[in-house]
Structures are given as C-alpha cells and as structure tokens.
Amino acid sequence: MHTIRTVTGPLDPSSITGPVLAHEHIALDLRRDSDHEAVLDARHTEPVTGELADLREEFGLALVIEQTCRGMGRDTDALARISAASRVAVVAATGWYYEPFHPDEVGGAGVEQLTDSLVRDIEQGVGTTGIRPGVIGEVGSHGEHPSEPERRTLAAAARAAVRTGLSLATHAHLGVGGPAQLDLLTAEGLAPHRVAVGHQDLLDDPAVHRRLAAEGAYVSFDTVGKNSYQSDATRLRLLLALLESGHADRVLLSCDVSRHAYLTGEGGTGYGHLFRSFLPGLRAAGVDADLIDLMTRRNPLRFLTGADTQEKSDA
C-alpha cells in the first residue's frame, strides 16, 4: 500500500511534510452509566476543528490517525467535515475496542464472520457513507491476556489486515498485555511492522517496550498529557530509555483526546500538548530535530503504508 486512505480521499505520503498525530479521537461516544463525559459529538465539532486548524497553522499538523471504531460511537461523516474544515487530513478506522465496549454484533460471531465485517468496511466503506477506513484500530484487550471475545476480535482484525493491506493499532488497556496482543496478531500472519501496540506510555516497564520494538512492532506513547493516568515526566523517562536502546524507528506519539474535557477550550491539554509541552521536554533532554521528525512524521507514515524499512539511530 503506497497511498494513505483518508476520509476525503487518497493521499500520497510524500506530500505530508508536517507532523502526524498517531492516535486520536475527534468524534466518539464512550458514555456508559458511570461516565457521561467520554464524548465528542456535534456540540464539540467547532472546538475540535479549531484546535486542529490552529495546530496546522502553528506546527504544520498534517494528518490525524483517528482510531474510533465499532462500539465507540464512530462517525465518519463528522470526521470528513472536520477534516475539510480544518484542512488537516484524517484517517478513519475500523475494528473493535476492548470487551466492555463490544457491540452485540461480536456476540457469538466466529472469527471469519467478524473478519468479513471488517473487510466490508474497508473495501466498501462504512455504512452508506462510502468512506473507507485507512487503518484497523484501536483493537482492544484488557489484562495480560485477551479475553475470549477479545481473542476473536483481535484475530479477525489481524486477518482483515492481511487481506486488505491495512496496518493495525491496538488498545492495550492501561498499557498492559501488549506482548500477548503481538503474539496473537503475528500468529494470524500479520507482520510485526504492521502493528502499533497502544498506550505503552502507561506501562512503566522499559523491558516490555524494548521487546515489542525488537520484534518489529511500533510502540505507541499515545496518551501524552493524560497526567491523571501517568505523569509526562515518567513518559519522558520511558521514551528516552527506548531511544537510548536504539529503537527510535519504532516510536509513535500522540495525545489520545477521548473526552470533551481534554479540549483546550474546557481547560484541558488538547491535541497540541505533544507539540507545546512534551516535544520541548524531549529537546531539552537532547533529542534533535531529525529524531523528532522521525517519531512524529516518518514513523507514522511508514506504519500506515506498511513500509518495512527501518531507520536506526544512536540516540
């Protein structure tokens, strides 16, 4: 796959000269009985659009990989409107989140039936929108090992990735279970470099990060700014350790905005926290501009397009 499939049409990766947010949400609904705030809907379209447009102007933001999938309130029409208005390209996703958010369609469906559902999304478009996902994700599990339904949805996602050529991003809940996810996905024939293991900045275990990267998967530090889960100081320490071990070519970075309170207009850190706060911390720690470009642009483009080249660094 040499082009990137966005909600407004195919995009030549060579045209992307600015940074990429590798794991975000710009329209979703994760509300449950105990949580009524995990939503970004029509009320938030204008502030979301404004933030993305501002980041394009200030930092050159070029692309957002939007990982809202089935059971998460996916709204591909909203993604297309926000992308067009902000002039920031957006990639839509398909897949299933972790088990508490599985829709009824997962139920007792077999792996092949689930695979076919994802392939239909990818080849025909989501619903009647005609908008085709450009990534499979965020495909979830919780705990050290996936539950039985999660094993089916992960296996289906891997098979769909193999059949369609799309890459796959995971939700490892609180950072836990990445190695088991990677083992399951690769057992289905998916190459490790087509996999990004999610939320690894929530796991204070450099050995796991090194293992995932050494096996060829991307390691997503994608909850930057979510200090109620993990401090950015810890994220910085963990990321520097991964860079020092020679795995800069396997890092993805993002903020995972997943509720309206994270928007800057509501006092949150917003989509720009990576650029305004975290990257300056990396620079202060001695990380140069080329490495930052690698992690924020070249890596996510290689992930999306399935390029199997590696760019080693002696960071």
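## Around α2

Helices here are DSSP runs of H or I with at least four residues, strands are E runs of at least two, and both are numbered from the N terminus. This is a predicted model, where local features need pLDDT of at least 70, side-chain atom pairs count only at pLDDT 80 or more, and totals for chains, interfaces and linings use all residues. Residue numbers start from 1 along each chain as its sequence is written, and side-chain values use heavy atoms, with hydrogens and water left out.

Which residues of α2 are buried? They are T76, A78, L79, A80, I82, S83 and S86, with buried meaning under 20% relative accessible area (1.4 Å probe, protein chains only). Their cover includes α1, β6 and β7 (89–91), counting contacts as heavy atoms within 4.5 Å.

## Around α1

In α1 itself, the buried set is V48, T49, E51, L52, A53, L55 and R56. Among the elements covering them are β5 (39–40), β6 (63–66), α2 (76–86) and α8 (273–284).

## The whole chain

Zooming out, the chain has nine helices and 13 strands. Its radius of gyration is 18 Å, close to the 20 Å that the globule rule gives for 315 residues, so the chain is as compact as a globular protein of that length. That radius is taken over C-alpha atoms, and the rule is 2.2 Å times the number of residues to the power 0.38.

Buried residues account for 61% of the 315. Of the contacts with a separation of 6 or more, 76% link residues 24 or more positions apart.

Note on methods
Buried < 20%, exposed > 50% of the residue type's maximum accessible area, 1.4 Å probe, protein only.
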